[in-house]
Amino acid sequence: MAAPTPHTEGILQALRRHGGVATSAQLVDALGVSQPTVSRAMAPLSQAGAVQKVGAARRRRDVLPRTVRDVGRSVPVMR
């Protein structure tokens, strides 16, 4: 697992402020850093399961997973 960066806590706080869902651009604006810096800070969060990626390309969002009683944290989404 990659080591946490100084921005990992800032990402979690920004996601909480955005209701648990944010685009990469929103995180860049919230932290005042570059997009590659946000991507590097997201790596350990994604690997640990603290943040999940939903969607693809321009529609991709970073989300905070939540636990649903009797279901858990991982719910398959089908199209």
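Helices (H or I, at least four residues) and strands (E, at least two) are DSSP runs, numbered from the N terminus. With that noted, I read along the protein chain and got the pattern α-β-α-α-β-β. That comes to three helices and three strands.

**Entry: what I'm looking at.** This is a predicted model, where local features need pLDDT of at least 70, side-chain atom pairs count only at pLDDT 80 or more, and totals for chains, interfaces and linings use all residues. Residues are numbered from 1 along each chain as its sequence is written, and side-chain values use heavy atoms, with hydrogens and water left out.

**Entry: confidence.** I checked pLDDT, the predictor's confidence in each residue, from 0 to 100. The mean for the protein chain is 86, and 90% of its residues reach 70 or more. Strand E2 (residues 52-54) has the lowest confidence, at a mean of 90, while helix H2 (residues 24-31) has the highest, at 95.

**Entry: inside and outside.** I looked up burial next (buried is under 20% relative accessible area, exposed over 50%, partly exposed in between, with a 1.4 Å probe and protein chains only). Of the 79 residues in the protein chain, 28% count as buried.

**Entry: H1 against H3.** How do H1 and H3 pack? Helix H1 (residues 8-17) meets helix H3 (residues 35-48) at an angle of about 85°, and their axes are 9 Å apart. Axes are lines fitted to C-alpha atoms, for helices over the stretch in contact, and angles run from 0 to 180 degrees between N-to-C directions. So I can call H1 and H3 roughly perpendicular to each other (65 to 115 degrees; under 35 is roughly parallel, over 145 roughly antiparallel, the rest oblique). On the H1 side, the contact (heavy atoms within 4.5 Å) is made by Thr8, Ile11 and Leu12, and on the H3 side by Val38, Ala41, Met42, Pro44 and Leu45.

**Entry: H2 against H3.** H2 packs on H3 at an angle of about 100°, with the axes 9 Å apart. That makes H2 roughly perpendicular to H3. I listed Ser24, Leu27, Val28 and Leu31 from H2, and Gln35, Val38 and Met42 from H3, as the residues making this contact.

**Entry: Leu15.** Is Leu15 buried or exposed? Leu15, in helix H1, is buried, with a relative accessible area of 0%. Leaving aside neighbours within four places in sequence, I found Leu15 in contact with Gly20, Val21, Ala22, Leu27, Val51, Asp62 and Leu64. I also noted that Leu15 and Val51 are 36 residues apart in sequence and 9.2 Å apart in space, C-alpha to C-alpha.
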